[in-house]
Structures are given as C-alpha cells and as structure tokens.
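Here is a short report on a single protein chain. Please look over the sequence and the 3D view before reading on.

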Amino acid sequence: PTFQATSAWVWSGGAADRRAADLVPARPGQPGVADIALEQGGRLVGQVQDATGGLFGESVHVHPFNTRTGDYAGQAGSGFGGSYELPSTLSRQSVKLEINALDRPTSWHRLRTSFETATMVKVQAGKTRTLHLTIPAAG
C-alpha cells in the first residue's frame with residue numbers, strides 16, 4: 001500500500017497472513033494468477049504517554065507485526081505531541097505493536113519487552129480503534 005492507502009494488506013485467497021494464504025502456482029516464464037479483492041482497512045489511533053502518565057511530546061513510531069507469523073503486518077504509524085496513528089492497512093488480523101522513540105528503549109504495547117510477551121491487538125475492517133500506548137522511561 002501507499003502512504004495514502006485505505007485498503008488492508010491481504011494475502012492470496014483473502015487470508016489475513018501468509019500461513020493461511022492460498023498457494024498461487026506459477027511456471028517459468030508465466031506469471032501466477034490469482035483473483036483477489038481488496039477490503040477496507042481499519043485504523044489504530046491514540047495517545048502516547050510517558051512512564052509518569054503524561055503525554056509524550058516527542059516523535060514516536062509504531063510498527064505492527066502479525067501475531068501468528070511475526071511478519072510485518074502493515075504500514076508503520078507515527079506521531080508527535082502525544083498522539084499516533086496507524087493508517088488503514090490493518091484488517092482481519094491480530095497484531096503486536098512495537099514502539100520506538102528517540103532516547104527510549106524499544107518496547108511493545110503494555111510496556112512488554114519482546115514480541116513473544118507483547119499483548120495482541122485486534123483491528124476491524126472499516127473501523128477506527130482507539131488504543132493508548134505508553135513509552136518506557138529513558139534508559
């Protein structure tokens with residue numbers, strides 16, 4: 001998707017991730033062919049707070065990863081001044097959110113320290129979900 005995308009990332013067969021995707025056979029010199037329908041994506045928006053509960057006033061980047069496969073799951077979101085937005089590229093999949101900010105340790109939603117311990121987040125097609133994030137203390 002482009003930066004102005006409103007369609008969700010979709011795998012062949014309309015699957016939410018590569019493990020559930022349909023195989024598309026292809027032969028040398030001949031492209032594989034698959035019918036696919038794009039669907040409307042869902043957005044994530046919210047406040048970004050620091051470890052004391054105040055709004056985090058610096059730049060932040062939020063990266064979605066598919067919960068089941070660990071694959072990058074959609075366009076990264078960013079924000080400044082205490083808020084963020086992930087564009088409408090998420091749908092029908094659960095994701096884990098990696099949060100990056102300058103001079104702060106990389107963290108995951110609910111201040112988890114790794115993908116394995118991160119909390120799963122669901123996004124519905126065509127909906128906007130508000131989800132507040134917390135940045136860990138500088139370290």
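## Model and confidence

This is a predicted model, in which local features need pLDDT of at least 70, side-chain atom pairs count only at pLDDT 80 or more, and totals for chains, interfaces and linings use all residues. Residues are numbered from 1 along each chain as its sequence is written, and side-chain values use heavy atoms, with hydrogens and water left out.

The chain has a mean pLDDT of 86; pLDDT is the predictor's confidence in each residue, from 0 to 100. A value of 70 or more is reached by 95% of the residues. Strand 4 (residues 83-90) has the lowest confidence, with a mean of 82. Strand 6 (residues 107-108) has the highest, at 96. Where pLDDT is low, the predicted coordinates should not be read in detail.

## Overall layout

The chain has 9 strands and 0 helices. Both terms refer to DSSP runs numbered from the N terminus: helices are H or I with at least four residues, strands are E with at least two. In sequence order the pattern is β-β-β-β-β-β-β-β-β. The C-alpha trace spans about 55 × 25 × 25 Å along its principal axes.

Of the 139 residues, 40% are buried. Buried means under 20% relative accessible area, exposed means over 50%, and partly exposed lies in between (1.4 Å probe, protein chains only). The accessible surface comes to about 8000 Å², computed by the Shrake-Rupley method with a 1.4 Å probe; for residues, only the protein chains shown count as cover. Carbon and sulfur atoms own 52% of that surface.

## Nonpolar core

The largest nonpolar core holds 18 residues. Such a core is a set of buried Ala, Val, Leu, Ile, Met, Phe, Trp, Tyr and Cys residues joined through side-chain atoms within 4.5 Å. L44, Y84 and L97 have the most contacts inside this core. Strand 1, strand 2, strand 4 and strand 5 (94-101) each give two or more residues to it. Strand 5 supplies the largest share, 4 residues.

What does Y84 touch beyond its neighbours within four places in sequence? Y84 is in contact with L44, V45, G46, Q47, V48, V60, V62, S78, G79, L131 and L133.

## Salt bridges

The structure has 3 salt bridges. The criterion is a side-chain nitrogen of Lys or Arg within 4 Å of a carboxyl oxygen of Asp or Glu. D17 pairs with R68, with the closest N and O atoms 2.8 Å apart. This pair links distant parts of the chain, 51 residues apart: D17 sits in the segment before strand 1 (42-49), and R68 in the loop between strand 2 (60-66) and strand 3 (77-79). D17 is buried, at 8% relative accessible area. R68 is partly exposed, at 46%.

D71 pairs with R18, and here the closest N and O atoms are 2.4 Å apart. D71 lies in the loop between strand 2 and strand 3, R18 in the segment before strand 1, so the bridge ties together parts 53 residues apart in sequence. Both count as partly exposed: D71 at 21%, R18 at 40%.

R43 and E85 form another bridge, at 2.6 Å from N to O. R43 belongs to strand 1 and E85 to strand 4, so this pair ties together parts 42 residues apart in sequence. R43 is partly exposed at 26%, and E85 is partly exposed at 36%.

## Two loop residues

Is T119 buried or exposed? T119 is buried, with a relative accessible area of 16%. T119 lies in the loop between strand 6 and strand 7 (121-122). Leaving out residues up to four places away in sequence, T119 touches V95, K96, H109, R110 and R112.

G126 is in the loop between strand 7 and strand 8 (128-130). G126 is partly exposed, at 42% relative accessible area. With residues up to four places away in sequence set aside, G126 touches Q40, G41 and G42. G126 and S91 are 35 residues apart in sequence, and their C-alpha atoms are 8.2 Å apart in space.

Methods. Contact = heavy atoms within 4.5 Å.
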